[in-house]
Amino acid sequence: PQCIAEGSCSVDAECREDEICRQGECVQSPCASDEDCPLGLSCARSQCVGGDCVEDNFSPNHTSASASVLEDATLDIANLNRCAGRPDWYAFDLSDGELLEVEVRASVADELVISLHEPSLDVLRVNERASSLLTLDYQAKSDERVLLRVDSSMLEDATYSLAVSRSLVGA
């Protein structure tokens, strides 16, 4: 079989099912939410993206409400996948004074952004440096739940590893 480039269009019907005709070209349809996209795609920056991403073992964890709870004092998890348009969320239940240290190592080409949030989603810490290694730390002020969000500034899938260390300061 040979691939043939799509020609120009004048109406949506001349495009594939998941595309619309804009300025004579078939393009991904704009969206406001995941529900506006074809099955398997998600809405990110008004574009339907993804669809061919292989989820990791912690999925579904694409919202703060579905965050994967990580309980171990020390973790080092490789080959995690952040699918395009879908951040990964993790939750940590910390004790008063406990220090949480997070390290996210991305594939070289990936531009990840990591942030720690309160359950209200107020931001506690953020690291959006253009680097393949991102770190954050946070010391709990009381018994509290803290959420880690792993996202990307790019509309592409990203593979990363997550290392976590938890310790009571002074212990």
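This note goes through the sheets, the cores, the ring pair, the disulfide and some backbone details of the structure.

1. **Basis.** This is a predicted model, in which local features need pLDDT of at least 70, side-chain atom pairs count only at pLDDT 80 or more, and totals for chains, interfaces and linings use all residues. Residues are numbered from 1 along each chain as its sequence is written, and side-chain values use heavy atoms, with hydrogens and water left out.

2. **Four-stranded sheet.** An open sheet is formed by four strands in the order β6-β13-β8-β11, with antiparallel pairing. Strands are DSSP runs of E with at least two residues, numbered from the N terminus. Two of them pair if DSSP finds at least two bridges between them. β6 and β11 are the edge strands, each with a single partner, so one side of each has no neighbour in the sheet. Direction ignored, neighbouring strands here are turned by 15° against each other on average. The axes behind that angle are lines fitted to C-alpha atoms, and angles run from 0 to 180 degrees between N-to-C directions.

3. Strand β6 (residues 74-82) pairs with β13 (residues 158-168) over seven antiparallel bridges. Asp 76 has Ala 163 as its bridge partner in β13.

4. **Five-stranded sheet.** A further open sheet has five strands in the order β5-β7-β12-β9-β10, and its pairing is mixed. The edges are β5 and β10 (123-127); each has a single partner strand, so one side of each is left without a neighbour in the sheet. Antiparallel β9 and β10 are joined by four bridges. Strands of a sheet pair through backbone hydrogen bonds, either parallel or antiparallel.

5. **Cores.** The largest nonpolar core has 25 residues, of which Tyr 90, Leu 148 and Leu 162 touch the most other members. Elements giving two or more residues to this core are β6, β7, β8, β9 (112-117), β11 (133-139), β12 (144-152) and β13. A core here is a set of buried Ala, Val, Leu, Ile, Met, Phe, Trp, Tyr and Cys residues joined through side-chain atoms within 4.5 Å. Apart from it lies another core, of five residues, including Cys 31, Cys 37, Cys 43 and Cys 48.

6. **Leu 148.** Leaving out residues up to four places away in sequence, Leu 148 touches Asp 88, Trp 89, Tyr 90, Phe 92, Val 102, Ile 114, Ser 115, Leu 116 and Leu 162. Contact means heavy atoms within 4.5 Å.

7. **Aromatic pair.** The count is one aromatic pair. Phe 58 and Tyr 90 have ring centres 5.8 Å apart and planes at 75°, so the pair is edge-to-face. The rule takes rings of Phe, Tyr and Trp (its six-membered ring) with centres within 6.5 Å; planes under 30 degrees apart are stacked, over 60 edge-to-face, the rest tilted. Phe 58 is in the loop between β4 (47-49) and β5 (68-69) and Tyr 90 is in strand β7 (residues 88-94), so the pair ties together parts 32 residues apart in sequence. Phe 58 is partly exposed at 23% relative accessible area, while Tyr 90 is buried at 0%. Buried means under 20%, exposed over 50%, partly exposed in between (1.4 Å probe, protein chains only).

8. **Disulfide.** The count is one disulfide, a pair of cysteine sulfur atoms within 2.5 Å. Cys 15 is joined to Cys 26, S to S 2.1 Å. The S-S torsion of Cys 15 and Cys 26 is about -85°, so the disulfide is left-handed. Cys 15 lies in the segment before β1 (19-22) and Cys 26 in strand β2 (residues 25-28), eleven residues apart. Cys 15 is buried at 11% relative accessible area; Cys 26 also counts as buried, at 17%.

9. **Backbone checks.** Most residues other than glycine have a negative phi, and most peptide bonds are trans. Ser 59 and Pro 60 are joined by a cis peptide bond, with omega about 5°. Pro 60 sits in the loop between β4 and β5. Asn 79, not a glycine, has a positive phi of about 60°. Asn 79 belongs to strand β6 and is exposed at 63% relative accessibility. Leu 121 also has a positive phi, near 80°. Leu 121 is in the loop between β9 and β10 and is partly exposed, at 39% relative accessible area.
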